[in-house]
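This report describes a chain from its overall make-up down to one of its elements. The sequence and structure come first.

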Amino acid sequence: MGLFSVLLVLHISASIAIIGPAFLMPFIRRSARTVGQLQFTLGITTKLAILPKIGGVVLGITGVGLMITTKMGLSQMWLNVSILLSLLMVVIIDGWIEPRMKKIVKIISETQDKGREIPTEFGLVLKKIIPVETAAQLLMTAILLLMVIKPF
């Protein structure tokens with residue numbers, strides 16, 4: 001197995017490490033109906049949040065390695081667009097969603113009633129995050145399509 005093959009396998013694995021948890025975490029979180037379930041799902045999503053960060057670093061390193069190996073550089077428009085969309089996705093997830101989720105995790109962890117339904121104010125905060133999470137998921141889908149079809 002040559003250098004290109006190793007880089008490609010690592011690159012695809014890193015993509016899965018990023019997109020899998022980032023795409024599934026909102027669905028897992030939205031399934032909670034009680035405070036106890038929400039605490040459990042937030043615990044899972046908090047632990048899974050490290051995978052996209054590690055995957056992002058590996059993705060960047062292997063991406064640069066692939067560009068050097070193939071001598072492609074930044075000459076392909078699909079590559080430039082996918083890099084920009086990826087950066088936008090990172091800003092949305094790390095800069096907007098994650099800080100709000102940390103506040104929710106802190107508030108929910110302080111809640112003692114684990115069997116109770118999720119209080120309305122938490123539900124409203126979570127509902128404000130849903131459109132942004134949907135936008136991030138659409139960006140991930142667009143990036144995947146760019147990687148698969150390489151249109152221009």
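Read along the sequence, the predicted model has the pattern α-α-α-α-α. The chain holds 5 helices and 0 strands, where helices (H or I, at least four residues) and strands (E, at least two) are DSSP runs numbered from the N terminus. In this predicted model, local features need pLDDT of at least 70 and side-chain atom pairs count only at pLDDT 80 or more, while totals for chains, interfaces and linings use all residues. Residues are numbered from 1 along each chain as its sequence is written, and side-chain values use heavy atoms, with hydrogens and water left out.

Values for the chain are as follows.

| Property | Value |
|---|---|
| Box of the C-alpha atoms, along the principal axes | roughly 60 × 30 × 20 Å |
| Buried share of the 152 residues | 31% |
| Accessible surface | about 9300 Å² |

Buried means under 20% relative accessible area, exposed over 50% and partly exposed in between (1.4 Å probe, protein chains only). Accessible areas come from the Shrake-Rupley method with a 1.4 Å probe. Carbon and sulfur atoms account for 74% of the accessible surface.

Helix 5 covers residues 120–149 and spans 43 Å from its first C-alpha to its last, close to the expected 44 Å (1.5 Å times one less than its number of residues). Its buried residues include F122, L126, E133 and Q137. The buried residues of helix 5 pack against helix 1 (3–30), helix 2 (35–48) and helix 4 (77–110), with contact meaning heavy atoms within 4.5 Å. Just after helix 5, K150 has a positive phi of about 40°.
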